[in-house]
Every structure is written in structure tokens, then in C-alpha cells.
Amino acid sequence: MNATLDSDACAQEPIRIPGGIQPHGAMLVLAPRDLSVLQASANLTSLLTLKAGVTNPARLQDIVGGEALAQDVARWTEQEEGAFLRTCDMGERTVQVLGHRTSQGVILEFEAPPDSERETFEALYPRLRTFMDEITPADDVQAIAGHTARLARELTGFNRVMIYRFDPDWNGMVIAEDGDGVLPSYLDLRFPASDIPAQARELYHLNRLRLIPDANYVPAALEPAISPADGKPLDLSLAALRSVSPIHLQYMRNMGTLASMSISILIDGRLWGLISCHNAEPKRLNAQARAVCDFLGQIVSLQIGARERAAHAAERIELKKVEAGLLAELARAENYKAGLLENPAAWLGLTGASGAAVIADGEILVAGDTPPMEHLVRLAAWLKRLKVDEVFVTDMLSQHWPDAELLSETAAGALAISISRIHPSYIVWFRQEVVRTVAWGGDPRKTPVDPHQPLSPRASFETWKEKVRLRSAPWRESEIETARDFRHAIVNFVLKNAEEKAELTEALQRTNKELESFSYSVSHDLRAPFRHIVGYAELLSDREQSLDDKSRHYLDSIKDAALSAGRLVDDLLNFSQMGRASLTMTRVDMDKLVREVRMSLEPDAAGRDIQWEIDRLPPAWGDGPMLRQVLVNLIDNAIKYTRDATPAKIGITGEERSRDTLYRISDNGVGFDMAYVGKLFGVFQRLHRVEDFEGTGIGLALTKRVIDRHGGEILAEGTPNGGATFTFVLPKR
Amino acid sequence: MADLRPILLVEDNPKDLELTLAALAKCQLANQIVIARDGEEALDYIHQTGVHADRDPGDPAVVLLDLKLPKIDGLEVLERIKGDAAHRQVPVVMLTSSREERDLVRSYELGVNAFVVKPVDFNRFFEAIQDLGMFWAILNEPPPRGVHAR
């Protein structure tokens, strides 16, 4: 809502080049080469005593006392020294002279000290020393702000001194105040960002102290208005006397303060806040007092900076501990996601969140209070569109993602880290809504902004209370940094896992190769002895026609045993080859293939009453010999397991669908218990006793492997003594 | 029908040899069966060298060649026979325990006439050997003597 106030008009006001100065001082702009006058303020002659007969000084020397001053200034201009500050006697008056260099000339500012000085210059510094002693290492930012407000008021004698702190959105909040009761207290009030527009904040960087002694002043114009040096208006960014925006003056008058001074608190180059001094009546402060205040501002900046850094470091250390513990758990876990789920407290504690989710590899896993799954899915899509590079953080998610308005109970604020450079994978922490009441120094919404009307400052400073909704507690810098660190750790984790996986694949390939050569030698060396046993048993039984029944039974048993062992070897080899052999995909006439397979299995069905119901089957796309193997296995099974059914019924149907082709082979045989359906396709899994139904237990595993390799799917359904149905689908080309 | 030429059986495993001979005996072929126990001996027979330097001239009706052999293995024997213009018409049947596709592929690349995986089931083994013997020793019309290359 504050954005409406931060109007373009405000932001565009040329506050650096106001074309005039505050009239409590006078200004000269000199050419650095010869100190000839380029520009002068209109009030120069009334404020300063000029040399007799001079009404319009052409050179610095034309000012009384100018000779000494001119020599000083000339020396200063040749040096590198920054600012210039002298106290000069000009006739009966003592004048303070401030100087700074600009590309448009040397700017000298003249100020006669105020009539009544509150304190002598010498008395100011001991106060600073006392202040330094007062601040104890235990003081937090709040306490330091309190000390500062008190001291600033002692130093300046303003009616009210406030310590004003900016939030990340540049709204200001009065965190400490000292006053004499003349002006109302603004303690704990908030002021919208628009009260101090961006270009004004920029000036607070350049020029740390700003004094406006009388809000009712009439600016003194510069003559000529345009700089002869470059034909542009004079840049008064660094001038103490720079005239301020009439809007700001009106703002002051509305606030009931006719004099103000502000001192910037800059921490690590960032505008942290202001020491803001106000007086109901006009009030001036001499340059030395201002310098002391500036110095105070710098001390306070350093002190607050140190406190904030210390607090930040302490938080970081705490969070680092949590992070280290969590990472150790992740390393022990099966994978990082499982590790997160197993350690929800640490996961949430990492950023002080109330809920968290990991969105990766097509799944979403959560801990704590999180939005419902369908919202998380949409959040993931939104984050993907947002192209989160490393970290996305907000204490008001609904401001960025309107869907979040409904999610304030779980996700008013969010902190997301992207954990993959390739995939849209994120870890997101959530914070629930914290409804707060914020007191504004006046309703920040009330100022109407009409681009066609002259800009007007707000007139009301009545406290206005706002209930802040849809916001979470703000994420601390330490928490955001911890999340950022954690992101690097996780990214490395995922990478390491990927490497391990690659290593595993390599090991697997090696193992496969070994298995392959193993199966090759088995193929040669294991089959042969079985063949020999069968062969010799056969020869023996041929030769010994007179064997008694027992001997013949023994001989047959030897033969059967060797035969089944040999078949097992054959099946195993078949199975292992099926995984390796390449597929030759063609259009397969399944109708023809089924009839052919049925014919080839005819001997197994000899003498049985089998009712075949075979539909006309649609063609498949696949490897002919392999699909033949599938049909042989399934039809052979159907024949085998209907052995006890009279009549046996075997049905084969097919169906062409949009993306695949489906085939179904059903029988009315012994069936199986669905409780064991998971075992059906495993190698060596048998659901029947070997003396009831022969077989090696590899056939269905082989069948599944063929279907898998075709990218298809096979399902089995059955009931004990109620028959079995095998359904497989093969993708179309 | 051409005169009965011998069958060259190349087999190193004595049991396989015995069983194969039993199978061939069962189908009562009149052909002489010459046995070579390794690849070198087989090539000696084909080329009338070494131990077979003094044999009667002429190619065998068929070579039943085991794939795994000492000294020179079956695939190499096959390659030599099929790579030699003087003998490439001799039918070669690869007999093997191996069910490995690569052996089959390689054999066909080298020009094998048939490839038989020895079945574990002895009856089927008999059938296979008998079929082979019958086909190659009796039914197959060999090229006229003296005609070597096409």
C-alpha cells in the first residue's frame, strides 16, 4: 500500500539542484584556478561585509578579510584535503566558512554562528567521551539507540530527537526517542517509505548531516542561476546550505516542527537509519556542533554495526550447528530427501520455519505445517517459472504469488532454494502468518496522488493503526545465509550421489560382464554332463531290455533328474540372454504366431479336452522370436495348470488401443492366490509343488523380462482353483 | 546317388564322441565315420596332411564339427575350410553345447551349413544327429569330384 505514496512526482523532484540555498548562510562559487567568482547567492552582500565600494564581488579577495581567506582557500585547492572549515573574522562578525570542490567550481559556504550557542565547542567532545563510556558491551541496538537519542538532544538542545530505523522496504520506525515534551512523542510509530523518497535517501549517503533551521525560510537564489562552468544548474548535493524541497518544508510545518536536523546512520555503506532532531521553533546549530553530531552519527553507526554483526555471527554459529548436525544425518540417510524427512526439527530449525517441503524428482515431501499438496504442486510450477537461481525469499508470499493469499495459515512467508542446476528442484521453508498491529505516523494510504496537481505532503500525523495480514515474521539475514549455505551442501550432496550412482552402474556393468562370461561357460560346461547322464541312461535302458521294474525306475529317475537340471540350465541361459540380446523390432502377426505356438504345443495337450477360444488378434510391434517365447510360456502354463479341469478352457483375446495393444490369456485352471501375485514373476518363484506341476520357475520371469524390454506391462490375476488371467500390453510403434 | 563318402566327426569330448557315434549307429548309415579329436587333426584330414597324409583322396560327405576344440577351435576350422577354395563346398555342421548367440552369428558369418545345439534330451539328440547324418550323408547331392570352385 505504501507504494502508492512513492509517487513518480516525488521521486523526480530535482532536490540536488534546487537553484537556491537556505538564507541563514551565503554561498560563493569560485573558479579553482584564480578564485574568481562564478556564482554568488543573492543574500551575499547582506550577510557578509564586502570590501569598501564592492557590491558585486568578482574575486574572493573582494570580501573583507578575503586576503587571508583567499590565501587559505588557494592553499587548500592545491591540496588533496577533503573539506575546508575555517572560522574567519569579517569586520565585527565571526563567520564559519565551509568549502568543498565540485566539477562546477569550488563552493564556499559562509555561516555566522547563531546568536546564542548552547555550549562551547570544547564542552562537546567530553560528552562524546562519556557517551562512549556509557555504552557497555552488553547493550543491544535498542539500548544504544536510547543512549544516542539522549546524547543527541543534550548536544543540540532540540525539542525531540528520534532514532529512526529503516526496514527492508524503507519504511521507517521510531525505535528510540528523547524529548522535552514540547513536541508529541512518535516512539514506536512507523512512517511510510514515501516520506523519505529514494533520491533523498541517496543524499543521506553523500551528505551525512542535514540542517534546516527554519522551515519558513525563503530561499536565497544563486546568481547567475546557471553555472558558467558547464551551463547547468549548480549541483548542491554536498552543500550544507542546499535548499530543500518545498514539499519537505510543508511536511515539517504540518508536523509542527520548524527546525530539523538529521544525521545518517550508515552501516557497511547502507542507510540503516537516522538520528532525527526536531524543534518546534526555528533553531540553528553552528558548524562545530554539527561536526560533533556527525561524529556521533559515525560512532553510533560503528557501534550498531558491531552489535548487529555480533548478533548475526551468534545466530549464524547457532544455525551452523543445526546445519552441521542435519548434514551429518543426511550423510547417514539413504538419500538426502529421506534424511530431511527423518530430521524434521533440524530441517525446520535451519531457517526457523513452521513447515518445509522438498520438491524434486517428481515428488514432494513435507514436514511441519505446509500448504496442501495441490498447492505445493502449483507452487513448484510457479517457482520454475520464476527461475529461482539460488534463493527466493519473502515474508509476504501473496505479494509475489497471489495463490498464497489462501495459504496464510501455513505459507504467508516462504524461503526457497533451488537445489539443482538442471532440474526444477527446490527446498522450500514456510512461515505462517503473524498478524501484527502496526502504528503509522498517520494513515499512509490517505495522501491522494494526482499527477496533475502539485505534490503535497501529508497533513496528518495522527497515529493510524493498521492490522498487517498475510505476512510472516521476517526472515533474518542469518537464516537466509544458512539456507544459502545449505543449498551448496545439498547441491554437492546430490552431485556426489549422482557420482556414486554412476560408480555403481559401472560396478554393475562389470558384474554383468562377469555374469555373461560365467553363463557362457555354464552354457558349455554344465549342459554337457547333464546331456551325458541322459544319454548314457538312455543307452543303458535301450541295451538292458531285461531290467526289472525297480532298476528301470531308478534309471528313469536318473534320466528325469538330469533332464530337468539340463532344462534349468537352458532356461537360465535363456533368461540371461533375454536381458542382453538386442531386440529386432518388427510388426508381428500375433494371430498367426498364436496359432503356430498352439500347434507346437499340441503334443503337451494330447489326449486332453481343451476348449480353445481364440479371437482374431491385432498385430503387435516387437521382436518376433521373443514374443513367441512369451506366448509359448503363457500358453504352455495355461495348458499345464488346467490339467485337472474338465473341460479345460483357454481363451486368448486381443485389443488394439490408442497407444498400445493388449493381449489376454485366461484359463480355468488351478489359478493362484492373489496374496502371492508379487512373487509370480520372480526368478525361481513357484506357487505350486514341483510334483504337482513341473517347471523351473523361470518361465514367467522370462516372460516379464521380455515384456519389460518392450516397454510394456504384464499383469496377472487369479483365484485359487478359479483360473488365472495374464494380460500384457505392448506399446505401439 | 553319389558314392558313400566318409563323415568326418570332430569331437574332443570322449563322452560326446561316444554318444554321437551311438546316435549315428542307430540310424544305420553305411558311411565310414572318420574321427578327429581336435581341430588340427580335422584340418589334416581335409588337407591330407599329417596323420591323414596317406588317406584316400576326396572330401568327406559332411563335417560334424564341435565348436570347442583343443589347439584349433571349431570356428577356426570352419573358417579355414570355408576360406579355402578347394574345400569350401564341404558341408560343415556345427555341433555345440553353446547356446550363445555370438557363436551362432559367427558361425553363419563364416559360412556354416547348419548349427545344432546339442539337446540335453538324448532322444532329441539322437533325432538331431540322425537328421543331420541322413541329410548330409545321403540326401545331399555333393558337387562332382574334381569340381572345386563355383
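1. Start with two aromatic residues of chain A. Both A:Tyr164 and A:Phe166 are buried. This is a predicted model, and each value below is computed from it. The ring centres of A:Tyr164 and A:Phe166 lie 5.7 Å apart, with the planes at 85 degrees. Planes over 60 degrees apart count as edge-to-face, so this pair is edge-to-face. A:Tyr164 and A:Phe166 also belong to one aromatic cluster, together with A:Trp170, A:Tyr186 and A:Phe191. Over all chains, a search of the whole structure gives 10 aromatic pairs.

2. A second aromatic pair is worth a look. The rings of A:Phe681 and A:Phe726 have centres 6.2 Å apart and planes at 85 degrees, so they too meet edge-to-face. A:Phe681 is buried at 15% relative accessible area. A:Phe726 is buried as well, at 7%.

3. Next, helix 7 of chain A, residues 246-255. Its buried residues are A:Ile247, A:Leu249, A:Tyr251, A:Met252 and A:Met255. What covers them? The cover includes strand 7 (160-166), strand 9 (190-191) and strand 10 (209-212) of chain A. Strand 12 (259-267) and strand 13 (270-279) of chain A are also part of that cover.

4. Check both ends of helix 7. At the N-terminal end, A:Ser245 is the cap. A side-chain oxygen of A:Ser245 lies 3.0 Å from the backbone nitrogen of A:Ile247. Just after the helix, A:Gly256 takes a positive phi of about 85 degrees.

5. A:Gly305 is placed in helix 8 (residues 287-332) of chain A. Is A:Gly305 buried or exposed? Its relative accessible area is 2%, and the cut-off for buried is under 20%, so A:Gly305 is buried. Leaving out residues up to four places away in sequence, A:Gly305 touches A:Ile267 and A:Val300. A:Gly305 and A:Val141 are 164 residues apart in sequence, yet their C-alpha atoms are 8.9 Å apart in space.

6. On the surface, A:Val366, A:Met373 and A:Val377 form a nonpolar patch. Together they have about 230 Å² of accessible area. A:Met373 lies in helix 11 (residues 373-386) of chain A. A:Met373 is partly exposed, at 40% relative accessible area.

7. Turn to helix 16 (residues 549-580) of chain A, which holds A:Ser564. A:Ser564 is partly exposed, with a relative accessible area of 39%. Which backbone oxygen does its side chain reach? The side chain of A:Ser564 reaches that of A:Ala561, at 3.2 Å. A:Ser564 and A:Phe530 are 34 residues apart in sequence, and 8.9 Å apart in space from C-alpha to C-alpha.

8. A:Lys559 pairs with A:Glu538, the closest N and O atoms being 3.2 Å apart. The bridge links distant parts of the chain: A:Lys559 is in helix 16, A:Glu538 in helix 15 (residues 527-543) of chain A, 21 residues apart. A:Lys559 counts as buried at 17% relative accessibility. A:Glu538 counts as buried at 9%.

9. There are 42 salt bridges over all chains. One of them joins A:Arg86 to A:Asp72, with the closest N and O atoms 3.2 Å apart. Here, too, distant parts of the chain are linked: A:Arg86 is in strand 4 (residues 84-90) and A:Asp72 in helix 3 (residues 66-78) of chain A, 14 residues apart. A:Arg86 counts as partly exposed, at 29% relative accessibility.

10. Another salt bridge stays within one helix. The side chains of A:Asp708 and A:Lys704 meet at 3.4 Å, N to O. Both residues lie in helix 20 of chain A, four residues apart, about one turn of the helix. A:Asp708 counts as partly exposed at 39% relative accessibility, and A:Lys704 as partly exposed at 28%. Finally, salt bridges that share partners join A:Arg316, A:Lys320, A:Glu323, A:Glu481 and A:Asp485 into one network.

Conventions: Residues are numbered from 1 along each chain as its sequence is written. Chains are lettered from A and ligands numbered from 1 in the order in which they are written. This is a predicted model: local features need pLDDT of at least 70, side-chain atom pairs count only at pLDDT 80 or more; totals for chains, interfaces and linings use all residues. Side-chain values use heavy atoms; hydrogens and water are left out. Buried means under 20% relative accessible area, exposed over 50%, partly exposed in between (1.4 Å probe, protein chains only). Helices (H or I, at least four residues) and strands (E, at least two) are DSSP runs, numbered from the N terminus. Contact means heavy atoms within 4.5 Å. A polar contact is a pair of N or O atoms within 3.5 Å; within protein, one must be able to donate a hydrogen and the other to accept it, and residues adjacent in sequence count only if both atoms are side-chain atoms. Patches are made of residues with over 30% relative accessible area and no salt bridge: like charges are joined within 9 Å, nonpolar side chains (Val, Leu, Ile, Met, Phe, Trp, Tyr) within 5 Å. Accessible areas come from the Shrake-Rupley method with a 1.4 Å probe; for residues, only the protein chains shown count as cover. A salt bridge is a side-chain nitrogen of Lys or Arg within 4 Å of a carboxyl oxygen of Asp or Glu. Rings of Phe, Tyr and Trp (its six-membered ring) pair if their centres lie within 6.5 Å; planes under 30 degrees apart count as stacked, over 60 as edge-to-face and the rest as tilted.
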